[in-house]
Structure formats: structure tokens, C-alpha cells
Amino acid sequence: MAYIDKVLRINLTNGRTTSEPLNKEWAKDYLGGKGLSIKYLYEELKPGIDPLSADNKLILMTGPLTGTIVPNSGKLAIAAKSPATGTILDCSIGGHFAPELKFAGYDAVIIEGKATEPIYLFIEDSNVELRNAADLWGKGAHETEHLLYERLGDVITLAIGQAGENLLPMACISSELYRQAGRGGIGAVMGSKNLKAISVRGNGGVKIPDIRKFSATLNKIKREDTMTDDNMWAYSDGTPMIVDLSQSTGILPTRNFQEGTFDEYKNINSEAVKSVLKAKKACFACPLACSNYVKMGKTEIEGPEYETLALCGSNCGIGDMEALIEFNRLCDDHCLDTISAGNTVAFAMELTEKGIHDFGIRFGDVENYLQMPTLIATRQGVGADLALGVKKMAEKFGGRDFAMEVKGLEIPGYEPRGSWAMGLAYGTADRGACHLRAWPASVEAFGKIDPFTSEGKAELVIGMQDINSVKFSAIWCDFWAISTEQMAEILTLLLERDITAAELSTIGERINNLARLFNEREGFDRKDDYLPTRVHNEKLTTGFTAGKSLPRENYEKMLSEYYQLRGWDENGKITAEKKKALNL
Amino acid sequence: MEITLLLKGPLKKYTDGAELLELELDENELTVSELLQRFKVPTSSVSFVQVNNAKKDLNQLIKGGDTITVNPRVAGG
């Protein structure tokens, strides 16, 4: 079976570890990954808890595909209530941790409570140990991983850096040095529990029914669908290719989203990354190998990915690839989410240049820019204020109209004035401004759909959100443009029951509604589905998007239509009929 | 007429790995779509095209001296 049928529950307050069967009823309705972890959190967390208290829970969740040879199935979901937004939060992280956890004999790990002193977890099959991490506390994620590898042998590790220890709302969790569960302060949840790292070694495997048929089907799909033009951009270039696409369509965030084009874009585009490329790297079971391993000067990293190039590059006015790579390395080591960190530095730059508050850093100032990751992660100097993130900085210093965040989460690298559906996707994403819940820029700004109209955008965003929720629950990486029909074909073989594309669409819808219900219980409604004022009131002036804004009335129209199609009321609350229809 | 054709990412396979081609064509006018057919680039694999850095549709007429950039479809983010 695709599930191991075992959940490991660890209470850090009393040090007890227990195992229990996976809730199969819930697994049928939510698959695994994103959906199932949200279900567990919805049922087990009391409303209104402090995300950084012992009351929050951290869930590591695999999916039915994890550990199999299904292409692009190597990711792990990590979920909790977000300290950045107060919403539900699920992140996904690539590499090899998820299959290793399954090989150790678990579908999921639920971490509760709070340790009295720094600890790390070591899991090897049925042996689970809480070990002292006093000597690791204060170290970056890179050194932590190296030390645990030396100490424990061949393990895969999730670790936090200084940002997580210092409870930053932009702290992420790192694995295999350069992979992150990035957003919403998931690393701060780990830090709040005094949990420095989790290392796992699994000596088992997963059982596949009718392996011959399964392999034959997968080989055919891989050949005819995965390794085709739609997906091979990930191998040929990886995400840096998006820099040129964004520049040419006027949606490359530049100088805190003041413009959608960057004069120095050629210094940070795919060709610039390829000029320092040393190797391609892949996650478990991935034939696409999107990751670029680069070396420039003394710095070696996997990356930089598009989001980093955009938010820490053009958005900070930085067209210096060597500086960008070093900034990226520092963020990875300290475990700072580069989307939020880049936005926050850019916001400080604009506040400084506008004379609102002097943070001593301006657009394009490489020397001070390179000081920022360490200052922010350790809350030193101006870093103590930048560590608040954009929303709280705006509340403290001003600049609310150009604070580029939604629900307290900083905006990813696609300018919504040049991709109106992207604006709707940011406004309605369950964890705040996110491009992974739906990425309509791919078919709108980069495709054939008119990006400057509200017509049809609600339906487009809903469809993408629902299919992505299925992908992140099964779990597939979103870099494979797999159809719902193909997902159903593979899951039918794996789960040994008939699964249709229609059933998967319902599962996707159910997951998004449950996430909304979690947020509704925390007090979120229409007032929280806003976009930054800049997007509505300021027109861009360069490139393809010159003269464009996303007028508030157009945005509100899309939002109302979105609620209507979702079956929610005008205030964005889920109706009783919808709850009943989805068995919520 | 002489034009420049730029195929991005995986679309280079349709020109045996060459990203940039300087072409001399017999015609004085043809559409982007007709140019792509010549290299057997399926339009389903194309996200959008640019002519002289401006986003255009596949029916755009190409003229001598133009640079045509062809971008692949992308998924994920």
C-alpha cells in the first residue's frame, strides 16, 4: 500500500514518543501532504493559540506517492499555524527527507509541546531519540547539518539557523544545505519548541501493488509527458529562465515594486546563472533536475532560484550576481526566506530613500546589502527592525501604501499590475501572498490570456488552486504540469481503488475550503484578502506594463466573483451548504 | 530578408541546440507562426513570442531586421 499507516507523535514537553495508525478516513478525503496536515491541525489546534507557544504543533507529512518511483514525488509537507500571518501554513521542501522518513516507517511526524532546552531528534526506524543540542544552538543550518552528518552517519536532516532560533516571522527550515520549507515562519515554530534539527535514517521501503504494471505505466507517462517541452525548461534552465520572461512582460519586481522592468536584468538572468553553473542537481525520484549548482568567487550554492533573483536582485536594485549569490548563501545558512528577506530589505531601502526612516541602506548599495542577512537573523542593529517583516515595519515606521504584503506575508516575484489573476491568487492564497497556491502568470503574463482584464480570472485561479492542492497532497512537485487525469491514473494503481479526475477535483476543493475554514476560525474574512495599495493607486511607467495598475474596483469584482464561484458569501465566509457538500 | 531567431530553453532542440540563428529568408514577409512551422516548433510548446522585445501574437508579420524571441511554456513557479 502507498501508506505505511503509522504516525509518529512526539511530545517535547514530557519527552514521550508514541505511534498511532494514520487516520485512513481523513487520508481518503485529503490524500496526504498539504491536505492531510491541514486536517490534523484543524482538528487538533484550539482556535486563537499563539503560534510560537507550546500549543502549536509542527507536522511533517508525506503523501501516498512518497518513496515510490513516481516522477517528481520527493517533496515533504511541513505545516503549523503561521507565526507570520496567524493563518494555516503549509510549506513543501524538496531533497530526500520525505522518502527517508517513509523508509523509516512513518507517514507523518506530529511534534507537540516545547522542550526545556535545545534538542534535536534522531529517528532511525522504530528508534526515536531526543538528544541535547546545546552545542548546535547558535550555529547556522549548514554547520549544523555537517556536524549531525559527522555524528550520526548517513542521515537526512531538517535544521534551523539563527533566524529560527530568534523566532523571526521569515525563518525557514533547511535541508541538504540549499532546500527550504520557506514561508510563513515555519522555522520559528521549530525554534519556539527549542528544536534545532530532525535527522532521519530509514532502512525499510514502500510496497507497491502490481509493480510491473506500475513501472510500465510510469515509464510511458515519463517518456510521453514528463520529459517533454512543457517541463524540460526546468532542466535546460530552471527557474532563472523566468527573469527574461518577467522582464519582457513587465512583471519583474524592481526597487520595491516601483517598476516592472530592471535595466540590469541581463546580469541576473538565466544566462548569467549558466555562466557560473557547475552541475545540475535533483530531488529524489525527479528526472527534471531543476536545481543549478553554481560557484562564483569563493561562494558555492544551489541556486539562486527565480524568486531570489527577483526579490533579492532587481527588487533591491542589485544587478551584481556575485553579491546576489553571497546574499543567497547567507540567507540559506541563517535560514531566512529569500522572498520575505528581499522584500523587507527593499522596503527598508525605499523608506530610507523617501526620508521616512533612515535604515542606512539604499537601492543598489551592495556593501550594506550584504550585511543584512546576518543582522536580520540575529536581530542586531537595523536588523532588529527588519526582522519584524514588512507589515510590522510599516505599522512602526509608516509606508503602509507601499508595504508589499498580504496577510503579513511578503509578495513573490510577479507584479500583479501586469498579471491581474496573480493579484487575485495573492489575495486569496490560504497562507498570505503566495505564488504556489496558483501561478496564473504562467498562462496570463507569459501566455495567451489577457493579463489586464478581470474577466474569467476567478475561475482560472480557483482551478489552479484546487489542482495544486491535490499535487501538494499526493505529493507531486509543481514543476511537472501533470493533468488531473494522469494523477488519477497513477493514484488508482497505487491506492488500489478507482480514483477519478472528478474525485481529485473535489479533494482539491475540499482542501482549499478546509484551509479557509481554519482561517475563518481565526477571524479572517474579506477584509484580509487585500492587495497592497500601491498595486491599485500607482501606475507602472516602463516596459510592457507602462501605464498599468490593477484598479481597486477591478480587484474587488474579481474577488466577489471568486467567492461566488467558491460558494462562499459576499464576506468570503463558507456557507453551510458548501460545508455540507464537501463533508467539512 | 535577414532576421534573427532566438529560441529559449528547451526549444533549442528544434535548431539542433542553437539558441540564436541569423537567418536569410527568400520571403520579404511572413508570420511568426509560419517561421515556427519551418523549424517544426509546435505552437503548443510556446508560451509567447516577442518581436524586437515586444510581446506579439503568432500572426505578427515579420520584417527584415527583426529579432524574434520564442519562449517555452513553463509550469510551477
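User: Which hand is the crossing of H7(A) and H20(A), left or right?
Analyst: The crossing of H7(A) and H20(A) is left-handed. Keep in mind that this is a predicted model.

User: OK, and at what angle do H7(A) and H20(A) pack?
Analyst: About 165 degrees, and the axes of H7(A) and H20(A) are 10 Å apart. H7(A) covers residues 211–226. Angles over 145 degrees count as roughly antiparallel, so H7(A) is roughly antiparallel to H20(A).

User: Which residues meet there?
Analyst: From H7(A) you have Lys213(A), Phe214(A), Thr217(A), Leu218(A), Ile221(A) and Asp225(A). They meet Gln486(A), Glu489(A), Ile490(A), Leu493(A) and Leu494(A) of H20(A).

User: How many of those are nonpolar, polar or charged?
Analyst: The contact of H7(A) with H20(A) has 6 nonpolar, 3 charged and 2 polar residues.

User: Switching to the backbone. Where are there cis peptide bonds?
Analyst: One joins Gly303(A) and Pro304(A), with omega about -10 degrees. Another joins Ala474(A) and Ile475(A), where omega is about 5 degrees.

User: Why point those out?
Analyst: Because most peptide bonds are trans.

User: And where do Pro304(A) and Ile475(A) sit?
Analyst: Both are in loops. For Pro304(A), that's the loop between strand S15 (299–302) and helix H11 (306–313) of chain A. Ile475(A) is in the loop between helices H19 (457–474) and H20 (484–495) of chain A, and H20(A) is the helix that packs with H7(A).

User: What about phi at Asn72(A) and Glu176(A)?
Analyst: Asn72(A) isn't a glycine, yet its phi is positive, about 65 degrees. Glu176(A) isn't a glycine either, and has a positive phi of about 50 degrees. Most residues other than glycine have a negative phi.

User: Is Asn72(A) buried or exposed?
Analyst: Buried: the relative accessible area of Asn72(A) is 3%, and under 20% counts as buried. Asn72(A) is in the loop between strands S3 (58–61) and S4 (76–81) of chain A. Glu176(A), at 22%, is partly exposed, and lies in the loop between strands S10 (173–175) and S11 (179–181) of chain A.

User: Now chain B. What order are the strands of the open sheet in?
Analyst: S2-S1-S7-S4-S5, 5 strands with mixed pairing. Strands S2 (20–24) and S5 (54–56) of chain B are at the edges; each has a single partner strand, so one side of each has no neighbour in the sheet. From one strand to the next, the twist averages 30 degrees.

User: How many bridges join S4 to S5(B)?
Analyst: 3, and S4 (residues 46–51) of chain B runs antiparallel to S5(B). In one pairing, Val49(B) has Lys56(B) in S5(B) as its bridge partner.

Note on methods:
Residues numbered from 1 in each chain as written. Chains lettered and ligands numbered in written order. Predicted model: local features only at pLDDT ≥ 70, side-chain atom pairs only at ≥ 80, totals over all residues. Heavy atoms only, no water. Pairing = 2+ DSSP bridges. Helix = DSSP H or I, 4+ residues; strand = E, 2+ residues; numbered from the N terminus. Axes fitted to C-alpha atoms, helices over the stretch in contact; angles between N-to-C directions. Buried < 20%, exposed > 50% of the residue type's maximum accessible area, 1.4 Å probe, protein only. Parallel < 35°, antiparallel > 145°, perpendicular 65-115°, else oblique. Left-handed = near helix turned anticlockwise from the far one by under 90°. Contact = heavy atoms within 4.5 Å. Nonpolar A, V, L, I, M, F, W, Y, C, P; charged D, E, K, R; others polar.
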